[in-house]
Amino acid sequence: MSVMLKGSVRQGRLVLDIDIVAGDEIVAVSGVNGIGKTTLLRVLAGLLPLDAGILQVNGNVLDDIAHQLFVPAHLRNVGMVFQDNALLPFLSALDNVAYPVLATGASRQQSRKQAIDAMGEHGIGQLAEMKPTQLSGGQQQRVALVRALIGKPQMILLDEPLSALDEDARREVRVWLKDQLNALPGTKFIVTHDRLDIAELCDREIALTQPQVQLTDGLSQTTIVR
Amino acid sequence: MSARGRQIGAETPKFVWVGAMLALLFLSLPLVGLLKRVAWTGVFASVTSGPASEALRLSLITSVFATAIAFILGLPLAWVLARIEFRGRSIVRALVMLPMVLPPVVGGVALLGAYGKSHGLIGGLLYDVFGIQLTFSPLGVVVAEAFVALPFLVMAVESGLRSIDPRYEESAATMGSGPSERFWKVTLRLLSPSLIAGVAVAWARALGEFGATITFAGNIEGRTQTTPLAVYLLLESDPEAAYALSFVLLAVCVAVLIAMRGSWLGRRS
């Protein structure tokens, strides 16, 4: 039981009621555009506090409105891929990948070495010195994935991580990603529209729905109210 | 420039061409006049001797300090205006922008009201407790210049902060960077074009300050007489030096425009 989230959050006109229990598994988050998939990831990441309820990860309470407790993103040790990857534009691909290692207090040299190894392992070592704007969308997503996984995070949040890849690359990265994710403990959430991603990559699916067509998958019930 | 290939209905009427040409002429004629009057062989000698060089030296020092003050105070203020929602934010913003539209002389009078030694709000206190007199001192020049330059910096930096995609700072947060590390490593980097533009325009404004300076700090040669004040006075006694100094200010402003071209004057290609 890695992640327990029960609560609600309001963002703009969106009200998200969430009740999720997830273990060491890969969870697909699906649902139509604008229903709150990214909002859910932001709550888990610590970029958006709950308005009510409680979030617990690996036994630690990260967000508890009743006790005025909120652990912000930088103290949560998450690995996140943003929808348009959000690579820092002024850093090379290598320094982007090295950033999470550097932030833990490692030396520049050591974090770069680790980043080079991680990129080489994924076969994108040749992109190391390129700036994000010099990379194709697919290459950027690969770099963002390596960057999200390098810090051995306790929770992984991927927002449409394969969307910019073409069919062949997608298949290839999917296999690599599955190995990587299976090697890491903790809960992994993947927002995706792709049925193949869900089938091949994920252990189960959480479908965000409007309340009148509520879907329940036994362990979790996720509703969204407008 | 050619009107060929334009959509029907979007052709440029003739009077627009005429108006645009006249406007361009109106703006450029004085510049040509200034450049024509500059005695090129004597420029260097004129601005490196006598009151002109004193004024330039003073202007350089005071404008750099004024810009530094505008930077140190303006960056946090721009942050608050851009990123914190509070009641009355638009009123605060209007207040910040006021010195941009206020006649500089009025700004100088207002500064006297606040920091004047005998009648100012806190001028007496400053003098009695710290022994600081702003009026008729180089420090007063710095204050007057910073007062008029600050809004320009705030405006540039605020719009820069608003145009930063928040996901970059959010991604830095998920990678383990706390608020201050994010500020230094991410926000400042993304903000640097706006910061450069803001500093450049604030500095240019401080360098050219006339009204608030002469009202608040006076016109004491070698002490509070900045370059614009010197130009005004030299026009009577030594026109050649006045034109030489004017040319120097013009050249500095052109340099500032070139430095800003990436952020305010369209894209760097």
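## A helix pair in chain B

Let's start with a crossing: α7(B) and α9(B) cross in a right-handed way, where right-handed means that the near helix is turned clockwise from the far one by less than a right angle, and left-handed that it is turned anticlockwise. This is a predicted model, in which local features need pLDDT of at least 70 and side-chain atom pairs count only at pLDDT 80 or more, while totals for chains, interfaces and linings use all residues. Residues are numbered from 1 along each chain as its sequence is written, with chains lettered from A and ligands numbered from 1 in the order in which they are written.

Helix α7 of chain B covers residues 138-163 and helix α9 of chain B residues 179-208; they pack at about 160°, axes 8 Å apart. (Axes are lines fitted to C-alpha atoms, for helices over the stretch in contact, and angles run from 0 to 180 degrees between N-to-C directions.) That angle makes α7(B) roughly antiparallel to α9(B); the cut-offs are under 35 degrees for roughly parallel, over 145 for roughly antiparallel, 65 to 115 for roughly perpendicular, and oblique for the rest. Among the residues making the contact are B:F152 and B:L153 of α7(B) and B:L195 and B:V199 of α9(B), contact meaning C-beta atoms, placed from the backbone, within 7 Å.

## Chain A overall

Chain A has six helices and twelve strands, counted as DSSP runs (H or I, at least four residues, for helices; E, at least two, for strands) numbered from the N terminus. Its radius of gyration is 17 Å, close to the 17 Å that the globule rule gives for 226 residues, so chain A is as compact as a globular protein of that length. (The radius is taken over C-alpha atoms, and the rule is 2.2 Å times the number of residues to the power 0.38.)

The C-alpha trace of chain A spans about 50 × 40 × 30 Å along its principal axes. In chain A, 65% of the contacts with a separation of 6 or more join residues 24 or more positions apart.

## A helix pair in chain A

Helix α2 (residues 93-103) and helix α3 (residues 108-121) of chain A cross at roughly 120°, their axes coming within 8 Å. The two, α2(A) and α3(A), are therefore oblique to each other, and their crossing is right-handed.

## Where the chains meet

Twelve residues of chain B touch 16 residues of chain A. On the chain B side, α8 (166-174) and α9 are the elements giving two or more residues, and α8(B) provides the largest share, six residues.

Technical notes: Two residues are in contact if their C-beta atoms, placed from the backbone, lie within 7 Å.
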